Amino acid sequence: MTEWERTLARWLAGGEELESGAELEVRDLDGALAFLAPLARHYRVADGVLWVRPVVGGYEPLEGGLPYAFSLNEARARALPLDTVRLEGDEIVMATGADQVARIRPAGPETLQELQRWDTFVLTVLDAEEEAALDRVEGDSWWGRWS
Amino acid sequence: MAKSVNHHLKAGDGVPDHTKAAFAAVSAKLDGLEADGPGEADKAMLAHYQASAQAIAARITPAGPQPTYDQGGKVPLVKPYEAKATVTVTEYVPGPAPEAPEGLLAAKLRTATRIGAAVGPDGATSWDGKARSAANGKEYAIDLGDGYSAVYRPYAGADAKSADYSQRGSLELVAPQGAGHGPELVHRLGQLNLVNRPMTAAEGEWAYLRRNVEAQGLETKAGVKQALAEADGLEDATTELLVAERAHEAIGMSQPELVRFAKQLRLEAEAKALPAKVGLVRDAVAKACGFADGTALAASAGYDPTPRASGGWLVWGRFDVDADRAAARAPFGAKGLTHRVTGGNMVELFRNGGVLASTERRRVMGIPGGKGMSEAADMKSGGAKSVFLRVGGSPSQGPTLYWDDSSTLLRRSDWYAYGTDHFGSLDPTSGHSTSGQTRSVAKVAAFNGGSNEVMFKHGIDLLGDEAPSLIRCSSAAQRKEVLAVLAAKGVTHIGGKAVGEVVK
């Protein structure tokens with residue numbers, strides 16, 4: 001395992017009670033912020049690509065008594081090419097083929113809050129089969145419950 | 001509590017002492033409440049939470065061997081206790097619409113909604129004309145009379161409270177329940193000062209040309225650019241001509257009548273100018289693509305302005321791909337287009353109509369999502385209006401959909417692609433960069449690796465003209481289920497092939 005991957009695995013693991021995590025920031029080449037979201041706690045490396053799951057699609061359900069839930073179709077697995085991956089200080093940096101620069105770093109206060117909602121949802125609402133399907137970090141769409 | 005227990009059960013590192021201590025405190029509290037001799041209602045609630053506490057206790061201090069986390073060992077959801085009771089609720093509803101000025105329709109501003117459709121057991125979508133779910137932002141509800149109504153979600157306001165991106169600018173027209181209202185529904189558009197005739201051939205061709213200009217990147221060609229600018233001018237010129245011809249009719253009209261008259265003239269001008277606009281742009285497009293003129297282009301193979309109905313929406317073709325499907329297919333070699341469905345969800349996909357639908361389309365189709373689901377994350381997720389495919393080889397594992405002939409889908413005019421995943425809004429009007437985006441078949445064919453993405457607007461009808469060549473299930477059991485669902489729908493062939501040959 002390379003240094004950047006060890007670092008990523010450590011950030012994603014999040015401590016004894018998941019009190020920390022990682023976030024993904026993507027900027028266009030002109031520096032404009034295009035994307036910022038926490039990362040779910042799994043990843044996959046295959047064929048020169050890092051697969052991660054940015055945590056998006058959170059909402060307050062109108063029924064069911066849950067305070068917060070996520071659209072698993074929105075929180076789909078996303079790919080980052082590893083051709084240029086490098087550690088820069090406390091960040092994992094890579095250029096994407098879509099003229100953007102992606103940076104993964106420890107989650108900040110804003111993204112950490114959403115990540116903790118995600119953790120609660122995954123660990124207490126989803127069943128083990130759904131959780132395992134997410135952990136495989138593959139799939140371009142989600143059907144069924146929480147789609 | 002359950003979160004911490006599940007986290008450690010999954011990690012296999014043992015439930016830590018602090019979680020055990022916290023659980024003991026909660027457990028003691030529940031026991032204490034029970035000892036206090038609660039009333040019947042509280043007793044039922046306590047019993048509910050005691051049952052959950054016991055499930056957690058069984059994992060923290062297991063008596064004997066326990067199932068693994070993925071085989072029943074995960075602490076199940078601790079559902080909130082629910083009981084029926086009568087309470088007083090104050091609900092604020094929009095006030096009655098203020099009286100509309102003469103000649104105008106009253107519009108009621110209300111919290112935005114989506115129609116509350118539902119998928120029946122046969123996979124067909126239906127809507128009772130009333131049920132609605134909440135959405136972000138505001139919308140205008142307009143009563144058109146005689147049981148017809150319209151709902152419009154404005155573009156205005158780009159903050160988080162504005163309408164969901166995928167709903168912005170959408171106009172919904174509702175007819176009374178029952179069949180046969182189609183022509184009248186179209187006619188009612190006139191009340192909203194919109195062109196209220198069924199789409200003519202010229203209008204269809206105009207839409208086709210505009211889509212092809214965008215899809216083939218022709219807007220940068222000087223001739224096309226000039227023709228599009230002149231086309232706009234044609235409408236103005238026609239309006240002026242109509243005004244000159246019919247100005248005498250305006251004599252004696254009241255102010256509202258004059259406004260209506262002017263709007264009518266504008267609509268008429270749009271319609272009258274259209275054939276000329278089509279001719280102008282078709283000529284320019286033809287020249288940009290190496291044809292002698294528009295007539296030659298219109299007579300060429302692949303030029304077909306008639307839209308195709310697909311999955312509940314219209315799809316216009318790309319004449320450069322349709323002209324020579326084999327040439328579009330060739331650069332892909334052994335590659336095709338793939339879409340991986342997560343987990344065991346393939347059966348759900350076919351049970352819900354067999355349309356690989358975007359998030360926004362799913363909602364209209366009644367495919368269950370979470371009620372109250374927000375699209376605040378829409379910009380982040382990259383758009384709820386499209387489905388995402390990737391260029392790749394034939395899948396050996398499922399659940400995956402695969403099109404071995406990419407031209408089946410790339411003949412559509414509404415796709416765009418990135419060499420790797422693109423992050424951020426895909427809304428071209430957002431001001432956000434779409435650098436790196438391509439609509440070139442050759443560039444897409446050259447994509448390598450799994451990180452590319454090709455987006456198709458609305459979705460793909462898997463049982464229609466755009467059917468995949470392979471539906472690879474994750475297991476024999478899943479295949480059996482998918483085949484059973486298709487058989488129940490009466491589907492015997494997919495893309496011209498027997499179902500059993502496609503579903504593997």
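## Exercises on a two-chain predicted model

Buried residues make up 35% of the 504 residues in chain B.

### Exercise 1. The fold of chain B

Determine how many helices and strands chain B contains, and what share of its contacts with a separation of 6 or more joins residues 24 or more positions apart.

Solution. The contacts with a separation of 6 or more are considered next, and 70% of them in chain B link residues 24 or more positions apart.

### Exercise 2. A helix pair in chain B

Describe how helix α1 (residues 2-11) of chain B packs against helix α3 (residues 40-60) of chain B.

Solution. Two packed helices are described by the angle between their axes and the distance between the axes. For α1(B) and α3(B), the angle is about 30° and the axes are 11 Å apart. Because angles under 35 degrees count as roughly parallel, α1(B) is roughly parallel to α3(B). The crossing of α1(B) past α3(B) is left-handed. On the side of α1(B), the contact uses Ala2(B), Val5(B) and Leu9(B), while α3(B) contributes Ile56(B), Arg59(B) and Ile60(B). Sorted by class, this contact holds five nonpolar residues, no polar residues and one charged residue.

### Exercise 3. Strand β8 of chain A and its partners

Identify the strands that pair with β8 (residues 91-95) of chain A, and assign the residues of β8(A) to its two faces.

Solution. The pairing with β7 (residues 86-88) of chain A is antiparallel and has three bridges. Within this pairing, Arg86(A) has Val93(A) as its bridge partner. The two strands β7(A) and β8(A) form a hairpin with two residues between them, and in its turn Gly89(A) has a positive phi of about 60°.

On the other pairing, β8(A) meets β9 (residues 100-106) of chain A, again in the antiparallel sense, over four bridges. Here Ile92(A) is bridged to Ile104(A). The hairpin of β8(A) and β9(A) has four residues between the strands.

For the faces, the starting point is that in a regular strand the side chains alternate between the two faces of the sheet. In β8(A), Ile92(A) and Met94(A) form the covered face, whereas Glu91(A), Val93(A) and Ala95(A) form the uncovered one.

### Exercise 4. Backbone exceptions

Are Asp99(A) and Val137(A) buried or partly exposed? Where does each residue lie?

Solution. Most residues other than glycine have a negative phi, and most peptide bonds are trans. Asp99(A) is not a glycine, yet its phi is positive, at about 60°. Asp99(A) is located in the loop between β8 and β9 of chain A. Because Asp99(A) has 19 C-beta neighbours inside 10 Å, it counts as partly exposed.

Val137(A), also not a glycine, has a positive phi of about 50°. Val137(A) lies in the segment after α3 (128-135) of chain A. With 21 other C-beta atoms within 10 Å, Val137(A) is buried, since the cut-off for a buried residue is 20 or more.

Pro399(B) belongs to the loop between β11 (386-392) and β12 (400-403) of chain B.

### Exercise 5. The contact between the chains

State how many residues of each chain take part in the contact between chain A and chain B.

Solution. Chain A has 56 residues in contact with 51 residues of chain B. On the chain A side, the elements giving two or more residues are β1 (22-28), β2 (33-46), β4 (58-59), β6 (78-81), α2 (109-124) and α3 of chain A. The residues on this side of chain A comprise 26 nonpolar, 15 polar and 15 charged.

Technical notes: Residues numbered from 1 in each chain as written. Chains lettered and ligands numbered in written order. Predicted model: local features only at pLDDT ≥ 70, side-chain atom pairs only at ≥ 80, totals over all residues. Buried ≥ 20, exposed ≤ 12 C-beta atoms within 10 Å, placed from the backbone. Pairing = 2+ DSSP bridges. Contact = placed C-beta atoms within 7 Å. Nonpolar A, V, L, I, M, F, W, Y, C, P; charged D, E, K, R; others polar. Axes fitted to C-alpha atoms, helices over the stretch in contact; angles between N-to-C directions. Parallel < 35°, antiparallel > 145°, perpendicular 65-115°, else oblique. Left-handed = near helix turned anticlockwise from the far one by under 90°.
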